[in-house]
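Subject: Structure for your study, with notes

Dear colleague,

Please find below the sequence and the structure that I am handing over to you. My notes on it follow.

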Amino acid sequence: PVPLRALAAGTGVRIGTAVDMAALADDTTYRRTTAREFNSVTAENVMKWESVEPSRGTYDWQPADDLVRSARAHGQAVRGHTLVWHSQLPGWLTTGVADGSIGATELRGILRNHITTEVKRYKGRIYQWDVVNEVFEEDGSLRNSIWLQQLGPSYIEDAFRWAHAADPKAKLFLNDYNVEGINAKSTAYYDLAKRLRSKGVPVQGFGIQGHLAIQYGFPGQVAENLARFEKLGMQTAFTEVDVRMILPVDEEKLATQATYFRGLLDACVQARRCTSFTVWGFSDKYSWVPGVFDGQGAATLMNEEFARKPAFAAVGEGLAEG
Ligand code: G3I
């Protein structure tokens with residue numbers, strides 16, 4: 001079969017995957033499939049703050065450097081994930097804020113330093129950065145986090161300005177889940193993006209994670225949602241697509257799953273400025289889903305033995321027609 005990345009070549013959409021660096025090192029089939037099928041990669045974990053700065057001032061760039069090097073060797077673009085998040089923060093940071101030894105002024109400096117250091121390190125080698133990740137609740141209110149509590153809502157625009165100063169050419173993204181269609185949460189992002197752009201804040205992309213579950217149905221108004229962000233002059237991207245199901249797997253569920261992958265892909269291919277379609281892992285062998293959602297899984301394009309599911313073929317067909 002023709003590799004997905006070859007099928008994507010004519011579409012203007014990069015086809016990407018999250019990469020698990022342990023699997024990339026240890027599993028030959030995983031490594032070969034990553035190189036053969038994808039022309040964009042995202043670090044599943046190794047660019048997150050807890051990974052790059054496990055103790056204060058002590059950095060571990062090794063696995064992230066390895067990913068960037070591997071991508072270059074295989075002609076793959078790199079999405080950076082993620083600079084500001086409420087999760088996977090290093091222990092020294094959360095503890096320091098909780099016990100009051102790190103106050104608001106110092107925290108702002110720490111955040112600025114984190115963003116500047118990481119973005120500069122990979123300057124020119126990352127085409128899109130998820131600058132702020134998952135900052136809204138489902139109802140469209142800002143998520144309560146140490147960032148909001150200590151710094152107030154302006155941390156969001158600060159983060160974009162700092163990232164832009166560190167790498168002016170990288171496209172800077174907002175990124176979240178449950179924002180595929182038009183709803184309170186995606187509308188909060190739309191309003192935020194509009195306001196920030198009118199103030200000249202360098203926010204250039206809206207990242208839609210795309211963690212779907214077949215038991216919840218396919219989201220409505222996906223094309224309309226992409227279109228409204230693009231009308232603001234922004235890029236869009238699907239950044240973490242997977243489609244889980246309640247186990248056990250059967251043929252009907254796999255067929256439904258295939259239509260969900262295809263539905264998101266078609267929305268991207270048909271949009272004017274949707275630049276990448278990234279799956280959050282391509283084999284069930286390494287998917288995060290079963291560890292978090294009890295009794296659910298089989299969320300990726302290939303099973304645990306790397307056999308292609310109907311969803312794999314559906315993505316290939318969508319790219320070929322795109
Ligand atoms: O670092 C330790 C490692 O030392 C240890 O050997 C291992 C044993 O299980 O655990 C490791 O940490 C785990 C880490 O993944 C690396 O494998 C954490 O426990 C685990 O919680 C962490 O999960 C990641 C999760 O983000 C954390 O929130 C998933 O792999 C990753 O797929 C997931 O990705 C997120 C996106 O970043 C943002 N959007 C949602 C998406 C799914 O939750």
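Which helices and strands are included in what covers the buried residues of helix 11? The cover includes helix 10 (184-198) and helix 12 (251-270), together with strand 6 (205-208), strand 8 (235-246) and strand 9 (274-279). Please keep in mind throughout that this is a predicted model.

Helix 11

Helix 11 runs over residues 222-231, and its buried residues include Val-222, Asn-225, Leu-226 and Phe-229. Viewed along the helix axis, the buried residues fall within an arc of 95°, so they line one face of helix 11. On the other side of the helix, Glu-224 and Lys-231 are exposed. After helix 11 comes Gly-233, which has a positive phi, near 95°.

Confidence and overall form

The average pLDDT of the chain is 98, and 100% of the residues score at least 70. For the complex, the predictor gives an ipTM of 0.94 and a pTM of 0.98.

The chain contains 14 helices and ten strands. Its radius of gyration is 19 Å, close to the 20 Å that the globule rule gives for 322 residues, so the chain is as compact as a globular protein of that length. The C-alpha trace spans about 55 × 40 × 40 Å along its principal axes. Of the 322 residues, 47% are buried. Among contacts with a separation of 6 or more, 77% are between residues 24 or more positions apart.

The ligand

Which residues surround the ligand? They are Glu-44, Asn-45, Ser-87, Gln-88, Gln-209, Glu-240 and Trp-288. Sorted by class, this shell has four polar residues, two charged residues and one nonpolar residue.

Backbone features to examine

Most residues other than glycine have a negative phi, and most peptide bonds are trans.

- The peptide bond from His-81 to Thr-82 is cis, and its omega is near -5°. Thr-82 belongs to strand 3, residues 77-84.
- The peptide bond from Leu-247 to Pro-248 is also cis, with omega near 5°. Pro-248 sits in the loop between strand 8 and helix 12.
- Asn-178 is not a glycine, yet its phi is positive, about 55°. This residue lies in the loop that runs between strand 5 (171-176) and helix 10. Asn-178 has 20 other C-beta atoms within 10 Å, and it is therefore buried.
- Ala-298, likewise a residue other than glycine, has a positive phi near 50°. Its place is the loop between strand 10 (296-297) and helix 14. Ala-298 counts as buried because it has 25 C-beta neighbours inside 10 Å.

Three further residues

Is Val-315 buried or exposed? Val-315 is buried, because 27 other C-beta atoms lie within 10 Å. This residue is part of helix 14, residues 310-321. Leaving aside residues up to four places away in sequence, Val-315 touches Leu-4, Phe-261, Arg-262, Leu-265 and Leu-301. Val-315 and Glu-137 are 178 residues apart along the chain, and their C-alpha atoms are separated by 30 Å.

Tyr-216 is found in the loop between strand 7 (211-213) and helix 11. With 9 other C-beta atoms within 10 Å, Tyr-216 is exposed. From C-alpha to C-alpha, Tyr-216 and Leu-142 are 24 Å apart in space, and they are 74 residues apart in sequence.

Ala-35 lies in helix 3, which covers residues 28-37. How many C-beta neighbours does Ala-35 have inside 10 Å? The number is 19, so Ala-35 counts as partly exposed; a residue is buried if that number is 20 or more. The C-alpha atoms of Ala-35 and Pro-3 are separated by 9.8 Å, while the two residues are 32 residues apart along the chain.

A colleague

Technical notes: Residues are numbered from 1 along each chain as its sequence is written. This is a predicted model: local features need pLDDT of at least 70, side-chain atom pairs count only at pLDDT 80 or more; totals for chains, interfaces and linings use all residues. A residue is buried if 20 or more other C-beta atoms lie within 10 Å of its own, exposed if 12 or fewer, and partly exposed in between; C-beta atoms are placed from the backbone. Helices (H or I, at least four residues) and strands (E, at least two) are DSSP runs, numbered from the N terminus. The arc is that of the directions from the helix axis to the C-beta atoms. Two residues are in contact if their C-beta atoms, placed from the backbone, lie within 7 Å. A residue is near a molecule or strand if its C-beta atom, placed from the backbone, lies within 6 Å of it. Ala, Val, Leu, Ile, Met, Phe, Trp, Tyr, Cys and Pro count as nonpolar, Asp, Glu, Lys and Arg as charged, and the others, Gly among them, as polar. pLDDT is the predictor's confidence in each residue, from 0 to 100. The radius of gyration is taken over C-alpha atoms; the globule rule is 2.2 Å times the number of residues to the power 0.38.
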